[in-house]
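Please open the model in a viewer and keep the selection panel at hand.

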Amino acid sequence: MKGVYWLASYPKSGNTWVRAFLASYLFRMGQGVDINALPFGPLISQREFIDDWLGMESADMPDEEVDRYRPEIHSRLVESDLEYPIYKTHERYRLTCDGRAIFPKEGTRGVVLVVRDPRDIAHSLANHLQTSIEGAIEVMNTSSFVLDGRSDSVFGKFPEETGSWTEHANSWLSAPLRRHIIRYEDMILDPIEAFSSLLDFLECPLQPSVLKGAIENTQFEMLKRQEASKGFNGKNPNVRNFFKSGEAGVWNTQLTPSQVARLVLKNRKNLSHFGYCF
Amino acid sequence: MLCDQNSTIMQHNLAYDLKIKSAIDLPELRSCFFEPSEADVIISERAVETIIAPTETGVAWRAKEGQFELYVKDVARFAVSGGNRIDVDYLAPGKEREARIFLFGSAFAALLHQRRYSVMHASSVLTSKGSILFCGLSGDGKSTLAAGFAQRGYSVLADDVTALKYMDDGTFWTPPAFPLSRLCGDVIEALKWPVSSCQPMALEGPKFETFQPTLPEEGAQPYCIVFLKPCVDEQVKFRKLSPIEAVESLVKRTYRYRFAVGMGFRESHYKQTIELAKTVSIFEVSRPIGIKHLNASIERIIEFVEGD
C-alpha cells in the first residue's frame with residue numbers, strides 16, 4: 001500500500017468501528033481485536049504525534065505556526081513503516097493560513113469519509129463532549145467550529161477544526177482526493193456490502209470468510225463489552241464510556257421535534273445528499 | 001561573566017549537573033564559577049551546517065550518529081554534537097528569547113541523549129524519599145502537579161523534561177534542570193501563581209514561562225516514577241506496573257525518542273530503560289483531570305510516598 005489513507009469523519013460517526021473492522025480483516029484473519037492497540041496511525045491531531053515530527057513542543061508555539069508545518073508532516077507519513085498507513089482524523093479538509101492543503105495530494109492515496117446521520121451524532125456527541133443535546137446541536141451547527149480550541153489551556157490534542165457537520169462533509173466532498181464514502185447506517189444494515197466496497201476502495205483482496213469473521217468479531221456490542229472490561233484509551237477522559245448505544249435512529253426517541261428541526265434546517269442539503277430521510 | 005582563553009565573553013551556568021560555558025546570554029539559568037577547562041558543554045553562536053545523509057528526520061530536525069540539528073523557521077538553527085557542544089545560528093535579529101525556548105527544550109534533550117541520560121517527558125519533584133517523576137502527555141498535568149507541589153514547599157527538580165543519569169554503580173540520579181516552569185493561563189489563575197514572573201511562550205499561545213524558585217542545589221536518586229492517566233473517577237488510584245508494562249511505558253514516554261533512535265542509541269537506550277525499570281518503582285496513577293482535583297491528587301501522592 002503506497003500512500004496514506006485518511007479515515008475522515010465528523011466525531012462520533014463510526015471511525016473507531018471502521019478501524020476495528022479493518023484491523024480484524026487485515027491483521028487478524030477476521031478474529032477479534034484489541035481496541036487499545038489498533039495497528040494504524042494515531043489520530044493526527046495528537047500533540048505527541050505532531051511534536052514527534054516537529055521535534056519541538058507544539059504547545060510552545062502559536063497554533064498558526066504549528067499549522068504551517070502540518071501539511072509537510074502529512075505528506076511525509078508515506079515514509080512510515082506501517083503496513084497499512086491509515087490515519088484517523090476528525091478535521092475538515094481545508095487550507096492552512098499560508099494556503100496549503102492540510103491533507104496534501106502528495107503522499108495521499110485516498111480518503112474514506114465515514115458519514116452518520118447527524119441526528120444520531122447529536123445524541124452521541126452530547127455524551128462525548130459532556131454537554132446537553134442542545135449543546136451538541138449548537139456545536140454541529142457552528143461554522144468553523146474547533147474542538148479543544150481553548151486559548152488558556154493545553155490538551156493532549158491539537159485544536160481540531162471540524163467546522164459544522166455540513167462544512168465538514170462538504171470540505172471532504174470537494175477535496176481533490178480519491179474518495180470513498182461509507183455510511184454508518186449501511187455498516188449496520190448491510191455490513192457485507194458496506195465493508196466489501198471499503199476493501200475494494202482500499203485495494204485489498206476480498207476474502208469472504210475473513211470478511212464475515214471480521215464483521216462478526218467487531219460488532220458494536222463486542223467493542224462495547226471490551227471497553228467495559230479493559231477501558232478504551234481513545235475516549236475523552238472526561239466520559240465514562242466511548243461506546244454507548246451504537247444503534248441507528250436513536251434520535252427518534254432521544255431528540256425533541258425542535259432539536260430535530262434545528263439540525264434538519266441547517267443540514268438539509270447534505271442529509272438529502274447522503275440519503276437520510278427527513 | 002568570565003572570559004575564555006580566546007577572550008570571547010562567556011557565561012558560566014549549571015543545569016542537569018553539567019557545567020555550561022555559553023557565548024550566548026542565558027539569563028534563566030543558574031550562574032556558577034568554574035575553570036574554563038572544566039566545562040562539560042560549550043554553547044556558541046555560529047553558522048550551522050546541515051547534516052548530510054541523516055538516518056532519521058522530522059519536518060524540522062535531522063539526526064545521525066552523534067549529531068543532531070533543529071531548524072526553527074525565522075528563529076534559529078541549532079546543531080548539537082558529541083554530547084558537549086551546541087551551536088546556535090540566529091535566523092533573525094531579536095529572536096534570542098524565542099531561541100532559548102527551543103534551546104532548553106529540544107536542543108538540550110538531544111544533548112542529554114548524546115550523554116546517555118534517560119530523558120523522560122516528565123516533571124519531577126524532590127521528596128524526603130528521593131525524586132518522584134510525573135510522566136505523561138501534553139495536557140496530562142505534569143507541570144500543574146509539580147507547581148502544586150512547589151506551593152506546598154517541595155522543590156521542583158525539572159519541569160516537562162527530566163533527565164536520569166545512569167551512574168557507574170548501576171543506580172540512577174535525577175539532577176536539577178532549569179529554574180523554569182511552563183504553565184497554562186488557567187493553571188496560573190487557579191494556583192494564584194505570581195503573574196509578574198510569567199512571560200508568554202508565544203504570541204497567542206496558551207503557555208507561560210515562569211521562574212521556578214524552588215530548584216534545589218542538588219538532585220536525588222529517583223524514588224518512583226508515575227505515569228499519569230486521566231480518568232473520570234473522583235478517586236486517585238495507584239497501580240504498580242508489571243516489568244513489561246514499565247519498560248514499554250518508559251520507552252513510550254522517553255522525551256524525543258526518535259532523536260535517540262536517529263543518533264544511534266536505540267539499543268543502548270532500551271538496555272538502560274530495562275535497568276531503570278529494575279531499579280525504580282513504577283506506577284500508573286489514575287486521577288481525575290481538572291484543576292479542582294489538583295489538591296486531592298497531591299495529597300494522595302504525598303500520603304502514598306510518605307506512608308510507604
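**Stop 1. Where the chains meet**

Before selecting anything, note that this is a predicted model. Display chain A and chain B together. How many residues does each chain bring to the contact? Chain A contributes 26 residues and chain B contributes 30 residues. On the side of chain A that touches chain B, select helix 2 (47-54) and helix 3 (63-76), each of which supplies at least two residues. Helix 2 of chain A gives the most to this side, with 5 residues. Colouring this side of chain A by residue class will show 12 nonpolar, 5 polar and 9 charged residues.

**Stop 2. The open sheet of chain A**

Hide chain B and turn to the strands of chain A. Here 4 strands form an open sheet with parallel pairing, in the order 2-1-3-6. Which strands lie at the edges? They are strand 2 (86-89) and strand 6 (179-183) of chain A, each pairing on one side only. From one strand to the next, the twist averages 20°.

Now select strand 1 (residues 4-9) of chain A together with strand 2 of chain A: the two run parallel and are joined by 4 bridges. Within this pair, display Trp6(A), which stands opposite Tyr87(A) in strand 2 of chain A.

**Stop 3. A helix pair in chain A**

Two packed helices are described by the angle between their axes and the distance between the axes. Select helix 4 (residues 118-128) and helix 12 (residues 257-273) of chain A, which pack at an angle of about 125° with their axes 10 Å apart. Because of that angle, helix 4 of chain A is oblique to helix 12 of chain A. The crossing of helix 4 of chain A past helix 12 of chain A is right-handed.

Show the side chains at the contact. From helix 4 of chain A come Pro118(A), Arg119(A) and Ala122(A), and from helix 12 of chain A come Val260(A), Leu263(A) and Asn267(A). By class, the contact of these two helices of chain A has 4 nonpolar, 1 polar and 1 charged residues.

**Stop 4. The two domains of chain B**

The domain assignment of chain B gives domain 1 (2-114) and domain 2 (118-307); colour them separately. Taken over C-alpha atoms, the centres of domain 1 and domain 2 of chain B are separated by 24 Å. At their contact, 23 residues of domain 1 of chain B meet 20 residues of domain 2 of chain B.

Which elements of domain 1 of chain B supply at least two residues each to the side that touches domain 2 of chain B? Select strand 7 (61-64) and helix 1 (96-114) of chain B. Helix 1 of chain B gives the most to that side, with 8 residues. The side of domain 1 of chain B that touches domain 2 of chain B has 11 nonpolar, 6 polar and 6 charged residues.

**Stop 5. Strand pairs in chain B**

Select strand 12 (residues 130-135) and strand 19 (residues 222-231) of chain B, which pair in the parallel sense over 5 bridges. Ser131(B) stands opposite Pro222(B) in strand 19 of chain B.

In strand 21 of chain B, Phe283(B) is the bridge partner of Val226(B), and Pro288(B) is the bridge partner of Cys231(B).

In which sense does strand 20 (residues 237-240) of chain B pair with strand 21 of chain B, parallel or antiparallel? The pairing is antiparallel, over 4 bridges. Lys237(B) stands opposite Ser286(B) in strand 21 of chain B.

**Stop 6. A helix pair in chain B**

Finally, select helix 4 (residues 243-252) and helix 6 (residues 266-279) of chain B, which pack at about 130° with their axes 9 Å apart. These two helices of chain B are therefore oblique to each other, and helix 4 of chain B passes helix 6 of chain B in a right-handed crossing.

The residues of helix 4 of chain B in this contact include Leu250(B) and Val251(B), and those of helix 6 of chain B include Tyr270(B) and Thr273(B). By class, the contact of helix 4 with helix 6 of chain B has 9 nonpolar, 1 polar and no charged residues.

How values were computed. Residues numbered from 1 in each chain as written. Chains lettered and ligands numbered in written order. Predicted model: local features only at pLDDT ≥ 70, side-chain atom pairs only at ≥ 80, totals over all residues. Contact = placed C-beta atoms within 7 Å. Nonpolar A, V, L, I, M, F, W, Y, C, P; charged D, E, K, R; others polar. Axes fitted to C-alpha atoms, helices over the stretch in contact; angles between N-to-C directions. Parallel < 35°, antiparallel > 145°, perpendicular 65-115°, else oblique. Left-handed = near helix turned anticlockwise from the far one by under 90°. Domains from an automatic or database assignment. Pairing = 2+ DSSP bridges.
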